[in-house]
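Visitor: Got a minute to walk me through a sheet and the helices on it? Here's the model I have open.

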Amino acid sequence: MRTLTKLSTQAPEAAPTQTPDTRPDDLDSDAAAARRDLEGRIQGSGPVARETLGQGGAGSARAHESAIKHVTGRAAYIDDLKVPADCLHLALALSPVAHGRLTRLDLDRVRALPGVVDAVGFHEVPGHTDIGPVFPGDPLFVADTISYAGQVLFAVAADSHRAAREAVKAACDVGVVEIEERPASLDAVAAAERGEFVRPTHVQELGDWAASLAEAPLMVEGEQFVGGQEHFYLEGQACLVTPTEDEGVVVHTSNQHPSETQKLVAEVLGVPLHAVTVEVRRMGGGFGGKETQASPWACIAALVSRRTGRAAKLRLPRGEDMRVTGKRHPFHNRYRLGVDAQGVIQGGEITVVGDCGYSPDLSDAIVDRAMFHADNAYSLGQARVTGQRARTHFASNTAFRGFGGPQGMMVIEAAMDDIARRVGEDPLTIRKRNLYRPGRETTHYGQSVEQIGLLHELVERLEASSNYWTRRREISAFNAASPVVKRGLALTPVKFGISFTAQHLNQAGALLHVYTDGSVQINHGGTEMGQGLHTKICQVVARELGLDLDAVRITATRTDKVPNTSPTAASSGADLNGMAARDACLRLKERLFDFAAEHFYQGHALDREGMRLEDGHLVAGWGESERRIPWGELVQTAYFGRVSLSEKGFYATPLIHYDRQTGQGRPFYYYAFGAAVAEVRVDTLSGEYRVEGVDILHDVGDSLNPAIDAGQVEGGFIQGMGWLTSEELKWNEGGRLISDGPATYKIPTFGDLPPRFNVELMEGHPNSMASLYRSKAVGEPPFMLAISVWSALRDALASLTSYREAPRLDTPATPERVLMAAEALRRRGESTP
Amino acid sequence: MPRELAKHPHLDHAESIPDQTVKIIPRTHTPDTIDESHSTVVRHNRDNTMIDFLLNGQPRRCEASPDTSVLELLRDALGQTGTKEGCASGDCGACTVAIGEPDADGTTRYHAANACITPAHQLQGRALVTVEGLARGDTLHPAQAAMVVHHGSQCGFCTPGIVMSLFTLHESQRRGDGERPAPLTPQRLEAALGGNLCRCTGYRPIRDAALAMGDYPEARPDWLDLAVDATAPPQEAATEAAFVQPTSLAALIAERRVHPEAPIVAGGTDLWLEVTQRLARFPRVVDVTRVAELTALEEATLADDRVGWWIGGAVTYARLEPLLAEHYPAFAHLLHRLGSAQVRNRGTLGGNIANASPIGDTPPVLLALGARLWLAGPADDQEIAERELPLDDFFLDYKQTALNQDKACEGEVIRAIFLPRPEAGRHLKVWKLSKRREDDISAVLGAFAWRLEEGVLRDVRLAFGGMAAIPKRAKAAEAALEGQAPSEAAFAAARAALADDFQPMSDVRGSADYRRLSAANLLERLRLVVTARDQDPTSNSAREVMLDAYAH
């Protein structure tokens with residue numbers, strides 16, 4: 001068949017990926033030596049290239065479908081789209097106070113300012129004014145009550161981005177807004193104690209936790225604060241809305257949940273959903289921050305677009321983006337656990353308090369997921385887990401990679417270290433003793449943990465490959481002789497439940513077109529935010545249709561192609577949409593096979609039974625009687641034979657259920673596992689530290705694309721490390737975010753990449769459930785591998801007490817927190833010699 | 001580093017960065033350009049002047065107002081959207097472009113810059129390279145090809161900036177001046193890529209791409225070697241609203257005499273945040289990057305016989321680096337913690353000083369070294385008034401300096417900074433504490449200089465950033481150490497004396513308690529360093545007193 005893509009793949013193909021250095025040694029020996037030196041230290045730095053399936057089908061390490069567009073600047077993001085000449089640009093006026101009443105808003109005066117084309121606020125909304133995604137509580141604009149600093153008061157439309165921003169400033173300067181400020185509630189624990197919740201408290205309970213706590217030989221307890229996290233997607237929130245000739249709009253948006261945005265835009269405009277089309281080609285990063293919180297901007301731009309009949313673009317400058325959108329929930333966790341003399345948990349209770357901000361948003365499910373992961377990979381025995389959803393005057397905290405899971409895991413990982421110090425064992429010993437095992441495989445929410453053997457094998461393999469015990473001995477000796485610099489080591493596992501805990505979201509659709517030249521177009525309900533979903537889907541289609549990857553083109557996610565889709569979230573993108581795409585392929589294949597069996601009958605029929613698509617051919621029969629029909633010919637013939645070359649696919653995850661009344665069920669189709677070893681070096685005089693080495697072994701079942709999966713593992717780990725170390729959100733006493741840009745909010749940068757970073761995908765363990773080619777979801781689970789860094793920091797600090805105590809270390813564990821923890825230990829040591 | 005919004009750490013709780021509902025803080029020497037009529041009107045052409053430059057090898061002539069950035073010029077005026085806006089504050093690197101300037105022998109040399117905070121008019125007579133220009137037809141540049149093959153892009157939004165940083169690294173590798181390319185050590189990679197944030201990959205594949213791109217066959221647009229010497233002359237003051245680019249001190253001072261209110265720009269790494277973050281308008285801007293006297297770097301002997309160098313006020317960190325690496329490695333190392341390559345290529349020592357941020361990184365070091373300033377300004381009689389003063393006398397109060405203390409100094413600029421040559425036996429240590437090691441603003445910075453003479457400390461100078469409203473020496477702590485043996489008792493006294501020197505405040509970068517404790521602990525580290533040196537300067541078995549990655 002013809003070559004269908006004109007992408008300039010020439011260079012990378014021509015480039016010698018494995019070619020030895022051709023330059024003379026004497027010219028380049030230093031460089032080569034430096035590179036060898038590095039490579040020697042970084043094993044596993046290349047993706048595990050399993051090109052076993054050829055053709056770029058599922059299972060091979062193919063490059064991102066947009067890679068060449070990325071590196072040439074041709075990949076278009078929302079702000080890059082060409083806009084109509086009359087396009088309006090929007091800017092937002094944000095509340096400067098965290099709590100209060102909007103007593104006056106004079107939008108007529110705003111509209112009279114020079115350059116202003118329109119101004120909209122609460123009273124300009126024709127339809128719904130509340131755009132809460134699951135539960136009500138998120139007003140599009142402030143009506144009366146102001147609930148956080150950064151809440152949207154009104155929006156201004158002007159002829160340029162700059163003019164709109166200047167107009168907002170001018171409007172505020174001339175006093176169109178009057179606010180009566182009130183005291184803000186900024187302490188989640190105090191709010192919870194006062195019973196101020198965005199959703200009711202939920203409890204999961206297994207067995208008689210109180211009795212097992214009372215009867216256990218030892219009781220270990222603690223509390224911790226786990227900080228939030230700004231998504232810091234490099235592309236900020238953005239959308240471009242154009243009016244249609246009917247009553248609706250077309251919305252281009254950087255968005256993980258196009259269907260929800262479609263619904264909310266329609267409701268805000270007061271039009272049917274079929275009047276609104278939402279398109280997402282790609283996002284410059286999402287991480288959960290564009291699951292619910294990309295919708296308001298689309299709604300506002302749609303409102304202006306319908307009012308003016310002009311295109312409207314709204315993109316948030318970084319500082320506004322950071323102030324106006326919610327973040328990963330900060331959590332306050334407490335635990336009381338009864339353990340036996342060996343440090344094995346008998347039972348107890350865990351309470352997690354999520355700081356939800358001012359509205360529910362997704363907090364119900366997020367705190368649920370924190371509860372579902374308060375056990376991580378360990379049996380809690382007879383336990384009660386309580387999750388509270390505190391209401392505070394902050395932006396409404398939202399989805400972020402892990403969705404509460406990481407915050408929940410932090411409490412049990414803290415407990416593991418604490419138990420180890422109490423019973424005088426190495427933390428790894430205690431962790432291994434507490435892993436789910438036969439006889440102790442039921443979680444506190446009643447799901448039985450499968451693949452326990454995989455979990456144990458994974459931890460043991462990593463323990464051996466990372467030389468954990470040798471390093472432990474070295475480090476102990478080093479620390480004994482080094483008063484200032486202390487080293488720390490930790491191995492932490494991850495068990496992460498895969499499925500939306502809201503059952504209805506576990507469905508997906510796909511739309512497959514084959515054109516008469518044989519080229520294939522696939523569309524599905526998932527969105528591409530860099531995770532390689534589109535690449536994987538193309539690989540699925542190429543594999544099912546036996547075509548070269550270049551023959552398959554993916555198109556932008558659109559609500560008019562595949563409707564009623566779920567958000568691309570919960571790591572489920574490939575699991576769900578890949579299955580739907582595969583379903584479409586299988587249906588089309590069946591149709592083509594039926595047709596071929598009839599049509600290509602020449603003397604004797606093609607063998608319908610063993611018919612298959614491979615290497616660009618329909619193949620029937622085996623050996624001598626094998627018949628091969630080129631794909632292009634098959635497609636052409638089918639077209640003239642009036643066979644539909646288009647098909648839709650659908651998938652719904654089986655088996656899962658959860659009863660919120662009893663707090664029991666099987667919310668997860670399966671679990672993904674992983675483990676990481678981190679080593680740190682801490683200067684206890686300054687609090688500075690470095691992550692010196694990381695070893696990771698991670699379970700993705702049978703990988704759909706090892707390069708992409710390794711990228712998710714590495715990227716997730718580093719992002720998790722940032723969450724626990726340098727990324728500190730700070731608000732002033734008035735509740736205003738003061739870490740509102742990259743100058744003050746520090747995500748990891750190049751130099752934070754650990755000098756030794758060994759990442760390996762666990763092989764030979766296909767998913768025990770019938771997932772897509774027995775693969776496993778990979779988006780979120782690796783994020784929590786970074787807890788090993790935090791635990792290693794605690795380990796280093798514990799050396800100051802000769803490992804008798806694990807100091808409390810809230811997160812992010814900035815140099816300041818590390819220093820203050822070290823100082824507290826030292827001072828205590830002095831007072832009790 | 002000079003990237004601080006005009007913000008006092010002490011005031012963070014009170015004001016932070018003003019938002020739309022708070023009136024803009026007037027700059028000391030800029031008229032408040034934000035009035036209602038001006039602020040909402042689309043700019044008229046009368047404000048604009050022309051820029052002549054090469055864009056990816058093609059001559060371009062564009063009209064732009066003086067406060068337009070390179071990024072706005074590219075994306076809005078020229079429709080070139082490959083270069084992305086990630087933060088509009090020079091902190092993320094998504095907008096990284098390469099700017100070519102002629103070096104001493106006329107060859108075009110490219111450096112990475114953040115387009116979001118680079119004034120468009122500084123492109124005058126320069127060559128701009130963007131991500132759209134690198135591929136030769138369908139053949140990708142090695143930096144691009146290596147990124148594809150090594151899976152270096154995920155969401156792809158930071159990728160154009162990463163590619164441009166890799167491109168400038170690739171250029172410096174292949175240039176080599178007839179010598180072999182320097183090895184790509186972890187330190188060099190960090191220096192080249194530390195200014196490009198990536199939220200997806202975790203950087204490992206980007207590092208692999210950087211290490212591999214040298215192995216790719218050379219595929220590089222020919223126009224990269226075009227000379228950029230005289231596409232157009234710099235812009236002298238032509239109109240009332242203009243971007244003025246004087247080439248001599250005399251022309252600069254003449255401009256300052258007429259328009260003392262016009263902001264001075266060199267790297268723009270701080271000033272341009274006024275435009276992007278606070279929506280300031282600059283009807284007139286004075287660019288000092290082409291003033292010969294301000295870009296000179298020459299050896300000198302002062303009247304008191306001290307020898308050293310006069311470093312022009314507009315000399316960039318990148319140009320300063322080789323000199324510091326040779327004579328003050330601790331100072332050179334600090335430059336890498338101070339800012340990314342994009343910032344080091346454009347930020348200047350003069351800017352860092354004149355900006356007078358309490359958390360600027362170079363002033364404490366210069367205070368510890370006894371630096372001096374050479375100021376120049378308009379005199380009454382059309383002449384240039386010049387004066388010299390010790391840096392100790394320059395910082396007066398929060399953002400108040402000898403430059404703006406009274407009317408008599410109006411229009412003054414920092415012509416040059418005197419850096420004394422290291423004296424035998426005199427030591428310098430510079431320790432910076434921040435949340436992130438690279439490209440972060442200090443919570444606390446300590447710069448310590450001393451001699452050890454017959455077992456006692458002499459000429460002790462201890463200067464701190466982040467501990468007061470200005471970069472400031474710890475005179476009480478210095479006194480506690482001067483003439484003392486480096487004993488535990490002497491240092492305990494010095495640590496206690498810090499309480500007399502400083503009453504630090506809490507802000508987004510650290511609490512007052514942390515600042516107090518860590519500043520004192522830096523003196524304890526100093527004691528450990530001094531005594532270790534005293535006992536056995538060559539010993540490798542000396543116990544670690546700090547982390548390698550931070551030691552300088």
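Predicted model: local features only at pLDDT ≥ 70, side-chain atom pairs only at ≥ 80, totals over all residues.

Visitor: Fine. What stands opposite A:Gly222?

Guide: That's A:Tyr335, in β13(A).

Visitor: And how do β8(A) and β13(A) pair, parallel or antiparallel?

Guide: Antiparallel, over 9 bridges, with β13 of chain A covering residues 331-339.

Visitor: What's the strand order in the whole sheet?

Guide: β7-β15-β14-β13-β8 in chain A, an open sheet of 5 strands with mixed pairing. At the edges sit β7 (197-206) and β8 (218-226) of chain A, each pairing on one side only. Ignoring direction, neighbouring strands are turned by 5 degrees against each other on average.

Visitor: Which strands does α11 of chain A touch?

Guide: Helix α11(A), residues 363-372, packs on the sheet against β7, β13, β14 and β15 of chain A. Its direction makes about 155 degrees with that of β15(A).

Visitor: And α12 of chain A, what does that touch?

Guide: Helix α12(A), residues 405-423, packs on the sheet too, touching β8, β13 and β14 of chain A. The angle between its direction and that of β8(A) is about 140 degrees.

Visitor: Switching to the helix pair: how do α11(A) and α12(A) cross?

Guide: At roughly 35 degrees, with their axes coming within 7 Å. The crossing is right-handed.

Visitor: Which residues meet there?

Guide: From α11(A), A:Arg369, A:Ala370, A:Met371 and A:Phe372; from α12(A), A:Gly405, A:Gln407 and A:Gly408. That contact divides into 3 nonpolar, 3 polar and 1 charged residue.

Note on methods. Residues numbered from 1 in each chain as written. Chains lettered and ligands numbered in written order. Pairing = 2+ DSSP bridges. Helix = DSSP H or I, 4+ residues; strand = E, 2+ residues; numbered from the N terminus. Axes fitted to C-alpha atoms, helices over the stretch in contact; angles between N-to-C directions. Contact = placed C-beta atoms within 7 Å. Left-handed = near helix turned anticlockwise from the far one by under 90°. Nonpolar A, V, L, I, M, F, W, Y, C, P; charged D, E, K, R; others polar.
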